[in-house]
Amino acid sequence: LQGSVRRRWDINKLLYLSNIDPAEVIKRWKGQEEDDEEEEEDIEQEEDFFTKKSSAEVSEDLDQFQPTYPSIDILRKKYEDSDEEYENGYKFLKDRFLVAPKMSEENG
Amino acid sequence: MSSKSGIATFEGHRNFRLRLILATLAGKSIKISKIRSNDVNPGLRDHEVSFLRLLEAVTNGCHIEISYTGTAVIYKPGIIIGGELTHVCANTKPVGYFIEPMLYLAPFSKKKFSIIFKGITTSDKSKDATPESIKWGLIPIMEKFGVREISLYILKRGSAPIGGGEVHLLCNSLIPQPLTIHALDIPKFSAIRGVSYSTRVSPSIVNRMIDGARKALRPTGVEVNITADVWRGENSGKSPGYGITLVAESKKGWRIVAEGVGSAGELPEDIGETVALQLLEEISTSAVVGLNQLQLVLVYMTIGKEDIGRFKLSNSQINENFIWYLRDIKQLFGNEVFIKEEDKDYSLLSIKGVGFTSVSKKIA
């Protein structure tokens, strides 16, 4: 019974629970939460308790304007390779562009 | 969670500028602690201190206290006065890092903003806004909120690392609060515009970037118009550099923007193509606004009239950063958003404005 039913969280309830980390909120909301893994993590954390924390970290820039995109190879695959008729307009972008109806060749 | 003393406290270096801007708009004191406390080089960076100085310059009566180690800041905001000034930006970040937060303050100031920013205009080392993306990506969004007379002029360009650029931000409209928006339709883009620029390199690089971008954008079927902007001589700064900014435009004035700056060893054609594909990716994963415009929209909606504003959001835009923005906004303004999931791709976000009034319209 457990695990078969994955609870779907209401995003509005999770948004402002300050005891839940935003990364965790996204996981729960998308239903990617795996309880077993979490428990294992806890055990590891206990083991780590006595080891010295690696203090020499370089902070990530958490205040930037441009979002991070998948690498160019992934994007190329997504837009050019997997879309066999991309020459005539990217398939999943068709409803996002307003294109003037093309004159058919016979008319021209 | 404001403590008893009425100071809102934050931890870490995340959203540094946003938190200070929100504090200024809300008129509440904040304390940010544990700023890179585990870092090899702890504390505030040069650009963050430079940004604090800028805030001090555009406001009157603010009070900033930085701890001895630089890992904590207490900021007590003053009133936004604006005026004419020149800010020499720290060379660790491009001018966009400093201009972007000013867009949140300028329309609500006592006097008009006219600031000249000196420093690096574009850098491949950081992912900050370039003057182009502010001009074409953020200012059109501000127009939606009733900020009509705001402009940005590039007087001199300057690529990283030495810079030497100059950008002028001019805001002539002073409004009491942003308009409430209702953006329920997902815009369709009818044109893609762009600018491909270079400083102190061969002009052919600019055209090579355009070729790369056009090739990837041709299948969209919309009109693609990319301008070549080659800078040389005294006004082109002290370092070589090049980059491209692309923007998809809808007839109703919404914009999606993507940009890239070349680094050593990269082919200009590849940069053009990368940015073009990033633009397509942003269009396909966004609804009304792109990820890089979301923060501005959320803040402007929060400080609107006491009405409910709504806009359509793509579910993939609900990410970690988005939640951080909302929590920071809540901590200083106390309002919450409501998200209604409409289908598997899109949600409707509604925010009730807090009924903010700009200092220019307040009766003393």
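How many residue pairs are in polar contact between chain A and chain B? The count is 29, with both residues at pLDDT 80 or more; a polar contact here is a pair of N or O atoms within 3.5 Å, where within protein one must be able to donate a hydrogen and the other to accept it, and residues adjacent in sequence count only if both atoms are side-chain atoms. This is a predicted model, so local features need pLDDT of at least 70 and side-chain atom pairs count only at pLDDT 80 or more, while totals for chains, interfaces and linings use all residues. Residues are numbered from 1 along each chain as its sequence is written, chains are lettered from A and ligands numbered from 1 in the order in which they are written, and side-chain values use heavy atoms, with hydrogens and water left out.

On to the interface as a whole. Chain A brings 49 residues into contact with 61 residues of chain B, contact being heavy atoms within 4.5 Å. Put together, the two chains bury about 5,100 Å², and 56% of that is on carbon and sulfur atoms; buried area is the accessible area (1.4 Å probe) that two parts lose on being put together, summed over both. On the chain A side, Tyr16(A), Phe65(A) and Arg96(A) lose the most area to chain B, together accounting for 19% of what that side buries.

Five salt bridges are counted between chain A and chain B, each a side-chain nitrogen of Lys or Arg within 4 Å of a carboxyl oxygen of Asp or Glu. Arg76(A) makes a salt bridge with Asp270(B), with 3.8 Å between the closest N and O atoms. As for which elements of chain A touch chain B, helix H1 (11-15), helix H2 (22-30) and helix H4 (72-81) each give two or more residues; helices (H or I, at least four residues) and strands (E, at least two) are DSSP runs, numbered from the N terminus. H4(A) gives the most, with six residues. By type, this side of chain A splits into 27 nonpolar, nine polar and 13 charged residues, where Ala, Val, Leu, Ile, Met, Phe, Trp, Tyr, Cys and Pro count as nonpolar, Asp, Glu, Lys and Arg as charged, and the others, Gly among them, as polar.

Two loop residues give a closer look. Val58(A) sits in the loop between helix H3 (35-48) and H4 of chain A, and it counts as exposed because its relative accessibility is 71%. Buried means under 20% relative accessible area, exposed over 50%, and partly exposed in between (1.4 Å probe, protein chains only). Val58(A) touches Asp39(B) and Val40(B), leaving out residues up to four places away in sequence. Arg14(B), found in the loop between strand S1 (8-11) and helix H1 (16-26) of chain B, counts as buried because its relative accessibility is 12%. Setting aside neighbours within four places in sequence, the contacts of Arg14(B) include Leu62(A) and Trp324(B).

Within chain B, helix H3 (residues 96-105) is mostly covered, with ten of its ten residues buried. Four strands of chain B make an open sheet with mixed pairing, in the order S11-S16-S18-S17; two strands pair if DSSP finds at least two bridges between them. Its edge strands are S11 (182-183) and S17 (337-341), each pairing on one side only. Elsewhere in the chain B strands, S4 (residues 63-66) and S5 (residues 73-76) run antiparallel, joined by four bridges. They form a hairpin with six residues between them, and Gly70(B) in the turn has a positive phi of about 80 degrees.
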